[in-house]
Amino acid sequence: MSRSIARELTIDASPEVVYEVISTPEHLREWWPDEAELDAVPGGTGAVHFGPENVEPLTVVEADPPRRFSFRWSYGVGNVPTTTNSVLATFELVPDGDGTLLRFSETGFDETASPEELFSSHSTGWDYFLPRLAPYAEKVASGS
């Protein structure tokens, strides 16, 4: 069995706005981590912080505005991400009328050292954080 996470959201905001919300630190910290640093270009690096103790480095794999944004993470501080020590999070943005269909996926759990634990914590985390993305992107789109 291959573990992966897949979610879809319909967002009342253009793909351009949604892309900005998922790829820039000032927007990321409004719906996902407590703090974020990120260079949103392929090969760019950064980190997301969940409280003072949990810092997760990440490396951008794909940055194709306003269509796709993906990064590897969960590989630990001081390590270089590979397909066997990290997971790949991908945001695919599809125009949907005046809004956006966001297809989120996260793969690669089975190749990591602790697939069950990582899959469980990420499933719970994305179930909490992804629902915060749409209302925030819609607020940005409306200029409020």
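**Exercise 1.** Is Tyr19 buried or exposed?

*Solution.* Before we start: this is a predicted model, where local features need pLDDT of at least 70, side-chain atom pairs count only at pLDDT 80 or more, and totals for chains, interfaces and linings use all residues. Residues are numbered from 1 along each chain as its sequence is written, and side-chain values use heavy atoms, with hydrogens and water left out.

Step 1: Buried means under 20% relative accessible area, exposed means over 50%, and partly exposed is in between (1.4 Å probe, protein chains only).
Step 2: apply them. Tyr19 has 8% relative accessibility, so Tyr19 counts as buried.

**Exercise 2.** Work out how the rings of Tyr19 and Phe69 are arranged.

*Solution.* Step 1: recall the rule. Rings of Phe, Tyr and Trp (its six-membered ring) pair if their centres lie within 6.5 Å; planes under 30 degrees apart are stacked, over 60 edge-to-face, and the rest tilted. By this rule the count comes to 17 aromatic pairs.
Step 1: check the geometry. The ring centres of Tyr19 and Phe69 are 5.9 Å apart and the planes sit at 85°, so this pair is edge-to-face.
Step 2: With a relative accessible area of 0%, Phe69 is buried.
Step 3: zoom out. Ring pairs link a cluster whose members include Tyr19, Phe69, Trp31 and Phe91.

**Exercise 3.** Find the strands that pair with β7.

*Solution.* Step 1: two strands pair if DSSP finds at least two bridges between them.
Step 1: take β1 (residues 5–11). Its pairing with β7 (residues 99–107) is antiparallel, over 7 bridges, and Ile5 has Glu106 as its bridge partner.
Step 2: take β6 (residues 87–96). β6 also pairs with β7 in the antiparallel sense, over 9 bridges, and Ala89 stands opposite Glu106.
Step 3: inspect the turn. β6 and β7 form a hairpin with 2 residues between them, and Gly97 in that turn has a positive phi of about 65°.

**Exercise 4.** Describe the salt bridge between Arg3 and Asp110.

*Solution.* Step 1: a salt bridge needs a side-chain nitrogen of Lys or Arg within 4 Å of a carboxyl oxygen of Asp or Glu.
Step 1: the closest N and O atoms of Arg3 and Asp110 are 2.0 Å apart.
Step 2: Arg3 lies in the segment before β1 and Asp110 in the loop between β7 and α3 (115–142), 107 residues apart.
Step 3: Arg3 is buried at 14% relative accessibility, while Asp110 is partly exposed at 26%.

Key: Helix = DSSP H or I, 4+ residues; strand = E, 2+ residues; numbered from the N terminus.
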